[in-house]
Amino acid sequence: MTNASIIVVTKEEYIGKYQVLENATNNTTLLLNTKDVSKCIEKFTKTELQQIIEKNITILAIDADKIALNNHIPGKISTIMEVILLNLLGEKDAISLLKKSVEDKFKTKGIDIVENNIKAIEEALYSVQKI
């Protein structure tokens with residue numbers, strides 16, 4: 001069994017469908033990609049809500065899908081979630097590392113794709129909400 005200090009839920013449909021908190025430890029951080037925090041929280045069972053309280057789980061929410069859409073990369077949330085995850089892990093150069101990665105990965109697809117991904121990365125860190 002794995003003990004998770006960070007749990008990432010990329011689709012709110014996973015809550016209630018899977019036991020997303022199964023491996024949560026004390027002081028776990030739960031990163032949720034959701035457009036509606038209230039509805040997302042309502043999907044947790046009473047047992048899961050109790051677990052959140054008892055284990056002092058920090059919930060962070062972001063609408064990565066909206067950020068992707070606003071930056072003309074609809075459905076492409078992996079880099080958005082990555083920058084938050086790297087930041088949570090204490091990587092001080094998360095933004096610059098991902099910017100370089102995006103430039104290398106998408107340079108053949110055009111400058112617009114590169115710039116849109118970079119804008120999404122920058123927007124992501126300012127869009128995370130602590131619940």
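Glu122, at 32% relative accessibility, counts as partly exposed, a class that lies between buried (under 20% relative accessible area) and exposed (over 50%), as computed with a 1.4 Å probe on protein chains only. In this predicted model, local features need pLDDT of at least 70 and side-chain atom pairs count only at pLDDT 80 or more, whereas totals for chains, interfaces and linings use all residues. Residues are numbered from 1 along each chain as its sequence is written, and side-chain values use heavy atoms, with hydrogens and water left out.

The partner of Glu122 is Lys99, with which Glu122 forms a salt bridge whose closest N and O atoms are 2.7 Å apart; the term stands for a side-chain nitrogen of Lys or Arg within 4 Å of a carboxyl oxygen of Asp or Glu. This pair links distant parts of the chain, 23 residues apart, with Lys99 in helix H5 (residues 94–106) and Glu122 in helix H6 (residues 111–127). Helices (H or I, at least four residues) and strands (E, at least two) are DSSP runs, numbered from the N terminus. Lys99 is also partly exposed, with a relative accessible area of 24%.

The search of the whole structure finds 3 salt bridges. One of them joins Lys100 to Asp104, with the closest N and O atoms 2.9 Å apart, and these two residues, being 4 residues apart in helix H5, are separated by about one helical turn. An α-helix has 3.6 residues a turn, so residues three or four places apart point the same way.

Another salt bridge is formed by Lys43 with Glu12, the closest N and O atoms being 3.9 Å apart. This pair too links distant parts of the chain, 31 residues apart, since Lys43 is in the loop between helix H1 (37–42) and helix H2 (46–54), while Glu12 is in the loop between strand S1 (4–9) and strand S2 (24–33). Lys43 is partly exposed at 34%, whereas Glu12, at 12% relative accessibility, counts as buried.

In helix H4 (residues 78–88), the buried residues are Thr79, Ile80, Met81, Val83 and Ile84. Among the elements that cover them are S1, S2, strand S3 (58–62), helix H3 (64–70), H5 and H6. H4 is followed by Gly90, which has a positive phi near 90°.

The largest pocket holds about 170 Å³ of space, and its lining consists of His72, Ile73, Lys76, Ser78, Thr79, Lys105, Phe106, Ile113 and Asn117. A pocket is an open set of points on a 1 Å grid over the protein atoms alone, where a 1.4 Å probe fits, with protein on both sides within 12 Å along at least five of seven lines, and lining residues have an atom within 4 Å of a point. At least two residues of this lining come from each of H4, H5 and H6. By type, the lining divides into 3 nonpolar, 4 polar and 2 charged residues.

Most residues other than glycine have a negative phi. Asn56, not a glycine either, has a positive phi of about 55°; Asn56 is found in the loop between H2 and S3 and counts as partly exposed at 48% relative accessibility.

Key:
Contact = heavy atoms within 4.5 Å. Points joined across faces, edges and corners; volume = space filled by probe spheres on them. Nonpolar A, V, L, I, M, F, W, Y, C, P; charged D, E, K, R; others polar.
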